[in-house]
Amino acid sequence: MKNKEYWITQLGLEAHPEGGYFAETYRSKRTINLEEFEGERNLSTGIYFLIDKGAFSAFHKIKSDEMWHFYDGDPLIVHMIDEKGNYSQQTIGRSIESGEVLQFVVPANVWFASEVKGSGDYSLVGCTVSPGFDFGDFELAARTLIDKFSQHAELLSRLMR
């Protein structure tokens, strides 16, 4: 049976700054210049991403859309808070009949965090970002976000570093 150690080893995953493990699998050679970004961006990037039980991907946002793809393990909950403070969530997994999806897009500039659903052991997903991911477009949530969205204080506190 495959477990998180299998995937970490086989895919060469390393610790990710926001939590979990990752490996970049694709970075387009073609680039683009858009006015909302400082400098060139690759057209697209892709990673494997694994989160294990008890860990989480902390609230953050990026300037690009990010498509999530489910691969293996347990369902993953993606928590989102938009610029107006509206909360939503989507579970990424194989149980389509119960509302889970195999793919899901987090829109650009939406705060989001993720965690394994329930008592699951791990979730292995992929993330495709377009325009491509650049750490210059990444913002890890600061505690001041709790003041801005106090109606979500409990969730933000639980899923922040």
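Reader: Which residues does valine 125 contact, leaving aside its neighbours within four places in sequence?

Author: Valine 125 is in contact with Ile47, Tyr48, Phe49, Trp68, His69, Phe70, Tyr71 and Leu76, once those neighbours are left aside. Keep in mind that this is a predicted model. Valine 125 itself is found in strand β12.

Reader: What makes those count as contacts?

Author: The test is heavy atoms within 4.5 Å. Each residue in that list, Ile47 and Leu76 among them, is in contact with valine 125. Proline 107 makes a handy comparison: its C-alpha atom and that of valine 125 are separated by 17 Å, with the two residues 18 apart along the chain.

Reader: Why is valine 125 called buried?

Author: Buried means under 20% relative accessible area. Valine 125 has 1% relative accessibility, so it counts as buried.

Reader: Serine 123 is in strand β12 too. Is serine 123 buried or exposed?

Author: Buried: the relative accessibility of serine 123 is 1%, and the limit is under 20%. Not counting residues up to four places away in sequence, serine 123 touches Phe49, Leu50, Ile51, Asp72, Asp74, Pro75, Leu76 and Val116.

Reader: What makes a polar contact out of the serine 123 side chain and aspartate 74?

Author: The backbone oxygen of aspartate 74 lies 2.4 Å from a polar atom of the serine 123 side chain. The distance limit for a pair of N or O atoms is 3.5 Å, so 2.4 Å is within it. The backbone oxygen of proline 75 lies 3.2 Å from a polar atom of that side chain, which is within 3.5 Å as well.

Reader: How do you know that β5 and β12 pair?

Author: Pairing takes at least two bridges. β5 and β12 have 8 bridges, in the antiparallel sense, so they pass. One place to look is isoleucine 51, which stands opposite serine 123 in β12.

Reader: What about β1 and β2, how many bridges do they have?

Author: They have 2 bridges, and the pairing is antiparallel. The rule asks for at least two, so β1 and β2 count as paired. Glutamate 14 has phenylalanine 22 in β2 as its bridge partner. β2 is also joined to β5, by 6 antiparallel bridges, and there tyrosine 21 has leucine 50 in β5 as its partner.

Reader: In what order do the strands of the open sheet come?

Author: The order is β1-β2-β5-β12-β7-β10, 6 strands with antiparallel pairing. β1 (14-15) and β10 (103-106) are called edge strands because each pairs on one side only. Helix α1 (residues 4-11) lies across β2, β5, β7 and β12, and runs at about 155° to β5.

Reader: Why is β5 described as mostly covered?

Author: Buried means under 20% relative accessible area, and 7 of the 8 residues in β5 are buried.

Reader: How many aromatic pairs are there in the whole structure?

Author: A search finds 7. One of them is tyrosine 48 with tyrosine 71, an edge-to-face pair at 5.9 Å centre to centre and 70° between the planes. The pair links distant parts of the chain, with tyrosine 48 in strand β5 and tyrosine 71 in strand β7, 23 residues apart.

Conventions:
Residues numbered from 1 in each chain as written. Predicted model: local features only at pLDDT ≥ 70, side-chain atom pairs only at ≥ 80, totals over all residues. Heavy atoms only, no water. Helix = DSSP H or I, 4+ residues; strand = E, 2+ residues; numbered from the N terminus. Axes fitted to C-alpha atoms, helices over the stretch in contact; angles between N-to-C directions. Phe/Tyr/Trp six-rings, centres within 6.5 Å; stacked < 30°, edge-to-face > 60°. Buried < 20%, exposed > 50% of the residue type's maximum accessible area, 1.4 Å probe, protein only. Polar contact = N/O pair within 3.5 Å; in protein donor to acceptor, adjacent residues only side chain to side chain.
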